[in-house]
Amino acid sequence: MQKNFKPHPNSFKNTFCVFNEVLSEAIKGLKIQFESKAGSIYYYTEAGMYRVSNHWGRLANSKWRLIAMEPETASKTKTGFAFWNEFYPDNAEEKLYYIEADYNKNTVIYQHKNNPEYDNKAILRTSFETTKRIKQIRNLQQLTSWAKHFEYDDIADLRQQIIEELIYTEKTLDEIKRAI
């Protein structure tokens, strides 16, 4: 029988967390401990939290992301798990976030500075600054019109060069483009 573990109600306010998708069998036998107005279901254990939801990202005053299983499950409703020590503080004032680009998958995400994988190389930024840079990087990844002003042999190399500067320096996009 499950021991009734209940975290403090304010423990999740203003937090950033990355959940990993797990199979729904992981919650079999667990007791629902909270259901949100939006329909998300929460299960608390000594180790961490399971969340069953069809929406991830910005939630009220928190930023919770789900890393989907590969291959991705067909259901829109996903079960995610995060350990308690993976809930990091979030606020708009501090430089808490860094950016990671995956050039093979052509994606960009932000991570929290408390992530144990942070290597202290990417520049830390506020939420607002991070969002602005991510938008610029996504435009570079998805569009080609910006490249007409450059001489290049391989647009992928040019993209990567500019994106790396956006991640690892304080230079603006205009400063980076002028220097190329």
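A contact here means heavy atoms within 4.5 Å. In this predicted model, residues 24 or more positions apart account for 65% of the protein chain's contacts with a separation of 6 or more. The chain holds 10 strands and 3 helices, in the order β-β-β-β-β-β-β-β-β-β-α-α-α from the N terminus.

**Confidence**
- Mean pLDDT for the protein chain is 93, with 97% of the residues at 70 or more.
- Strand β9 (residues 97-102) has the highest confidence, at a mean of 98, and strand β5 (residues 57-59) the lowest, at 82.

**Strand β4 and its partners**
- Strand β4 (residues 48-53) is largely enclosed by the rest of the structure, because 6 of its 6 residues are buried, that is, under 20% relative accessible area.
- Strand β3 (residues 41-44) pairs with β4 in the antiparallel sense over 4 bridges, and a hairpin of 3 residues joins β3 to β4.
- Strand β7 (residues 78-83) also pairs with β4 in the antiparallel sense, over 6 bridges.
- V52 of β4 takes part in both pairings: V52 stands opposite I41, and its bridge partner in β7 is T79.

**Overall dimensions and surface**
- The C-alpha trace of the protein chain spans about 65 × 35 × 30 Å along its principal axes.
- Of the chain's 180 residues, 38% count as buried.
- The protein chain exposes about 11300 Å², of which carbon and sulfur atoms supply 51%.

**Charge**
- The protein chain carries 26 positive and 24 negative charges, and the mean positions of these two sets lie 8 Å apart.

Note on methods. Residues numbered from 1 in each chain as written. Predicted model: local features only at pLDDT ≥ 70, side-chain atom pairs only at ≥ 80, totals over all residues. Heavy atoms only, no water. Buried < 20%, exposed > 50% of the residue type's maximum accessible area, 1.4 Å probe, protein only. Helix = DSSP H or I, 4+ residues; strand = E, 2+ residues; numbered from the N terminus. Pairing = 2+ DSSP bridges. pLDDT = per-residue confidence, 0-100. Areas by Shrake-Rupley, 256 points an atom, 1.4 Å probe, with all protein chains shown as cover. Lys, Arg positive; Asp, Glu negative; His and termini not counted. Charge placed at Lys NZ, Arg CZ, Asp CG, Glu CD.
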